[in-house]
Amino acid sequence: MEFMIRQDIDSVLEITDSTMEELAQELGVSRATVSSWVNRKSRVSEMHMDVFYQYAYRKGIRLNKIKEQFYREDIVHQDELLLFHGAKTGIDGKLRLDCNKRINDFGNGFYCGESLEQSSMFVATHPKSCLYMLKFRPAQLKCKSYGVDREWMLTIAYFRGRLEEYQDTETVRKLAAATENVDYIVAPIADNRMFEIIDSFIDGEITDEQCRHCLSATNLGMQYVFVSEKALAGIELLERCYLTEQEKEEYLNARQESFRMNMDKVKLARRQYRNQGEYIEDIVK
């Protein structure tokens with residue numbers, strides 16, 4: 001799927017009330033060049049694509065947020081969802097279940113998020129990353145949902161290989177069985193910083209109650225993990241969106257600020273809920 005730069009050029013011209021010649025001057029190209037892009041007579045180079053989207057972002061035009069609003073408004077069925085997928089480079093060919101590492105939250109699958117900002121933030125450190133907007137219809141699909149609770153914490157630890165010493169226990173067998181024969185999973189997102197907290201729980205340093213409150217402080221929103229071909233068939237890719245360096249930097253800065261504030265609550269949660277709840281060795285038997 002290509003970027004919709006031709007439509008985006010038209011949008012920027014409309015928003016700025018500019019002529020094609022004025023835009024060409026801003027981009028350092030000729031009017032004929034911009035015209036050939038719009039009329040599909042020539043392909044936009046990666047360099048010029050970046051120049052265009054950087055220009056739009058500097059002008060305060062948040063194309064991706066505007067597109068998100070339009071797509072949300074266009075969803076008329078209650079059983080349809082607008083989701084986002086951050087890609088380090090792009091989606092090559094059809095959607096696949098084996099495009100992620102086994103150590104991800106729920107193993108192999110196609111991962112999406114509910115938030116444009118969060119999905120973009122997770123790939124913001126990659127120079128050629130982009131964002132996909134997609135529509136999902138979950139009708140007649142089997143779903144497993146999690147909240148910020150003990151089951152979710154243990155399941156994340158299981159898929160990340162931290163419960164190997166307990167693999168023969170009834171608790172772990174139930175965890176594994178809970179995600180079998182489902183089409184997709186809805187669960188809180190756990191990044192590496194959150195996994196460090198879960199790691200402290202698995203290592204017996206904090207209780208499940210301490211862990212739960214710490215993780216609630218670092219909430220990143222919900223993720224949708226598609227784990228069956230039937231679920232992938234319910235996805236419609238709407239658009240591939242360009243992420244400028246300025247946009248990615250803003251998302252990362254916002255996340256850093258939120259992280260600093262949330263870490264204060266994590267410290268207090270460790271103290272306030274000390275000795276409340278159960279330790280890992282009392283849970284996994």
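A: Sorted by class, the lining of the largest cavity has six nonpolar, two polar and one charged residues. Here Ala, Val, Leu, Ile, Met, Phe, Trp, Tyr, Cys and Pro count as nonpolar, Asp, Glu, Lys and Arg as charged, and the others, Gly among them, as polar. Keep in mind that this is a predicted model, where local features need pLDDT of at least 70 and side-chain atom pairs count only at pLDDT 80 or more, while totals for chains, interfaces and linings use all residues. Residues are numbered from 1 along each chain as its sequence is written, and side-chain values use heavy atoms, with hydrogens and water left out.

So who lines the cavity? The names are Tyr-53, Ala-56, Tyr-57, Ile-61, Leu-63, Asn-64, Tyr-242, Thr-244 and Glu-247. Two elements give two or more residues each, α4 (46-58) and α5 (63-74), and the largest share, three residues, comes from α4. Helices (H or I, at least four residues) and strands (E, at least two) are DSSP runs, numbered from the N terminus.

The volume of this cavity is about 80 Å³, and a search of the whole structure turns up one cavity of 30 Å³ or more. On a 1 Å grid over the protein atoms alone, a cavity is a set of points where a 1.4 Å probe fits but cannot get out; a pocket is an open set with protein on both sides within 12 Å along at least five of seven lines, and lining residues have an atom within 4 Å of a point. Grid points are joined across faces, edges and corners, and a volume is the space filled by probe spheres set on the points.

Tyr-242 turns up again in the second largest pocket, where Phe-3, Glu-46, Met-49, Arg-240 and Tyr-242 lie nearest the centre among 22 lining residues. The pocket holds about 560 Å³ of space, and its lining divides into eight nonpolar, four polar and ten charged residues.

As for the whole protein, there are 13 helices and seven strands, and the C-alpha atoms fill a box of roughly 70 × 40 × 30 Å along the principal axes.
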